[in-house]
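Please look at the sequence and the 3D view before reading on.

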Amino acid sequence: MIISVAVRCMPSLNLKLLPEFKSLIDQETPLQQLGAALDKGTVPHALLFSGIKGVGKSSAALMFAMACNCNAAIPEGRDLKASVDHHKIDVPCGECRSCRKIRSGNHPDIIFIKPSGPFIKINQIRELCRTLIVKPFEADQRIVIISDADAMNPEAGNALLKVLEEPPDRTGIILTAANVFDLLPTLISRCQHIRFKPIGVACMATFLTREYGVDHQAAMVVSQMANGSLSKAVSMMQTHWMEKRDWLINEVIALPSRSIRMALVFAEKLSRKKDALSDALEIITTWLRDLIVYRYSKGNIINRDLKDKIHEVSQKMAIPTLLANMDAIQTAQKKIEANANLRLTLEILMIHMKRN
Ligand SMILES: [Zn+2]
């Protein structure tokens, strides 16, 4: 994808998606905004990239850092104003010295800061301040990328604010954050805010089909369950989410015809994987939702690849029963969040779902 910007006498810079940024999809507006900033030749001192996890904020930050420093934009020994034959230059080129250094993670002026443990601590920002006192070693634009800036504790946030109040020369600071409200308002007001939206289902499904070779129906299911986060969808593909979903749904379908002992065995299996439990309960809730939705609006089911199964099962289950089961799952989720006994909570849930 190339972002076109106005053609002038000066060569225009167009953001180019190198292969490593192929996951940067469905973000035309933020990329256009960044392309426009590049084209003006003025890199903002502070940018805030906001959006849920997994929508391309970090990739865009790195791409912007490369584009700002790409030597293709400033060819050696060439007068840019005379380059009327080069109206458009695609950056980052990926091949010049600067691009190669950034690609390999060896550029001294591209600085990455991320949480150390749950927080970005004041010592990390103090160290950054010491680095920013000296001029950039070689970059036209030194770029500092602070990932998950919403994990800064207040002391670190205040220390960074001082940097933004007196921005260092030839330096751009990019903050990425999922929860903007966790940032100091004074910090936000100093930044140019670029918003990354959740990735659209159709766009994400096309990406998954192309990159993972899954069929379109399965890709649509994963995309819908990923709630706009491409990194979540990719992680689902890599951890065989579809197989797990199939297993769970088959267990839930079989539950009413099984013995109490088997229902307890199912609960025990679920309790063994505490980290995956929230996902498992979400899958079951979505299945029950589909059984209800199918009666009224067949096109709006999420597990669309299981349409025949949904058709068959939805005939057999009354809507009040399905709603009661969804309520029971919600109650179990609340208890688990409140640290109730995991296995016991799941056993009660499965006995409830078996009887209903
Ligand atoms: Zn380059």
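## Strand β1

In strand β1 (residues 12-15), L13 and L15 form a covered face, whereas S12 and N14 form an uncovered one. Side chains in a regular strand alternate between the two faces of the sheet. Strands here are DSSP runs (E, at least two residues) and helices are DSSP runs (H or I, at least four), numbered from the N terminus.

β1 and strand β3 (residues 88-91) run parallel and are joined by four bridges; two strands pair if DSSP finds at least two bridges between them. S12 has K88 of β3 as its bridge partner.

## Basis of the model

The model is predicted: local features need pLDDT of at least 70, side-chain atom pairs count only at pLDDT 80 or more, and totals for chains, interfaces and linings use all residues. Residues are numbered from 1 along each chain as its sequence is written.

## The five-stranded sheet

Five strands form an open sheet in the order β4-β5-β6-β2-β7, with parallel pairing. β4 (110-113) and β7 (192-195) are at the edges with a single partner strand each, so one side of each has no neighbour in the sheet.

Four bridges connect β4 with the parallel strand β5 (residues 142-146). I113 has I146 of β5 as its bridge partner. Helix α2 (residues 57-69) packs on the sheet and touches β2 (46-50), β4, β5 and β6 (171-177); contact requires C-beta atoms, placed from the backbone, within 7 Å.

## Domains

The protein chain is divided into domain 1 (12-195) and domain 2 (239-355), with bounds from an automatic or database domain assignment. Their centres, taken over C-alpha atoms, are 44 Å apart.

How values were computed
A residue is buried if 20 or more other C-beta atoms lie within 10 Å of its own, exposed if 12 or fewer, and partly exposed in between; C-beta atoms are placed from the backbone. Two residues are in contact if their C-beta atoms, placed from the backbone, lie within 7 Å. Axes are lines fitted to C-alpha atoms, for helices over the stretch in contact, and angles run from 0 to 180 degrees between N-to-C directions.
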